[in-house]
Amino acid sequence: MAYSRQMQDSNLYSFYFAPRGNRRMADLGMQLSQMYLSPFDHIIGIIGDAGAGKSLLIKGMFPGLDLTNDDEGVNVRPLPLLHEDLSDPFSPHTYHLDIRFESAFTQMHILAEAILEAAGYGKMVIVEHFELIHPFLKRNADLLVGIGEEIIITRPNMFGPQPENIANIVHKSVAYRKMAHTLEDLCVYFMGEGYAQDGPRSDVRHGFVLLFEEKPPVDLYRLEEQVREAVKKDLPVSYYDENHVQIGDYIMECLGPRMHISSTGKIEDFTLIKDYPQDPATGYYMLIGLIGGNRTEDIHDLNRIDLNRQLHRS
């Protein structure tokens, strides 16, 4: 354990950029489990919209766990949590369920009773869409993880935060992450050969950052013009396979093909910084794309923290 439970109890919120690539998300999940999970946690609440990357984060946090809503597992039926003898010492220690999915088959109060019973036997239950079951549980999770544009980690107590508060934040902010990812893929595509998706990445609020060891000979004004044309056409965006996304007629390599908006026309006002600034700490040259109102004269102020707005927006 990187932190003791006592130290975590003093932690109100922790924020992390939610990475867009599948591997980066799983790696972050592994790091978060080492820093925040306790062997005494029984209910882990996961909150995030469809396509936010919840399953990837869970796989990183709990390697080998069977996800009951995983297509590769053909949606595990019957639900183990409901059909196994939880008092059996040889029964699994960790269970997973997706409340939004399971509520189509089982009444909410039955799911809530099963979660509480498992917790009572010392099991750990990972609950996706935890905010939906919270009113039936009459207790909060031991650890809450919200996934939107950022990943929010909190260990709530009787004073909150409530799952609904986390849901309000991440459900709204995830749109920026999806827009940024689609914009990023369009930029890589129009940059042409030699700029593969598996290159190094960094993060910025309401945008994306591509990193290069050498300054690319790509005209950023022309690149922005090409991307704007694609946005204006409102091209459909869809999952193609685990390594590609389809945007209009373009099939392009992608590290997270499920993390996109449905069409390019939904990308809000964007701009590319018309320079390749060099990070003095790493030496990398950066291509920076920004979405919406994330504008400033000083690129060093793009990640300005406004906690009052972040924690109280509804």
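Guide: This is a predicted model, in which local features need pLDDT of at least 70 and side-chain atom pairs count only at pLDDT 80 or more, while totals for chains, interfaces and linings use all residues. Residues are numbered from 1 along each chain as its sequence is written, and side-chain values use heavy atoms, with hydrogens and water left out.

Visitor: What is the order of the strands in the open sheet?

Guide: The order of its six strands is β1-β6-β5-β2-β4-β3, with mixed pairing. A strand here is a DSSP run of E with at least two residues, a helix is a run of H or I with at least four, and both are numbered from the N terminus.

Visitor: Why are β1 and β3 called edge strands?

Guide: Two strands pair if DSSP finds at least two bridges between them, and β1 (14-17) and β3 (94-98) each pair on one side only.

Visitor: What makes β3 and β4 a pair?

Guide: The rule asks for at least two bridges, and β3 and β4 (residues 124-128) have five, in the parallel sense. Within this pair, histidine 96 stands opposite isoleucine 126 in β4.

Visitor: Why is the pair of tyrosine 189 and tyrosine 250 called tilted?

Guide: Rings of Phe, Tyr and Trp (its six-membered ring) pair if their centres lie within 6.5 Å, and planes under 30 degrees apart count as stacked, over 60 as edge-to-face and the rest as tilted. By this rule there are six aromatic pairs. The centres of tyrosine 189 and tyrosine 250 are 4.7 Å apart and their planes stand at 35°, so this pair is tilted. It links helix α8 (residues 163-191), which holds tyrosine 189, to strand β11 (residues 250-253), which holds tyrosine 250, across 61 residues.

Visitor: Are these two tyrosines buried, exposed or partly exposed?

Guide: Buried means under 20% relative accessible area and exposed over 50%, with partly exposed in between (1.4 Å probe, protein chains only). Tyrosine 189 has 34%, so it is partly exposed, and tyrosine 250, with 24%, is partly exposed as well.

Visitor: What kind of aromatic pair do phenylalanine 190 and tyrosine 250 form?

Guide: Phenylalanine 190 and tyrosine 250 form an edge-to-face pair, with 6.0 Å from centre to centre and 80° between the planes.
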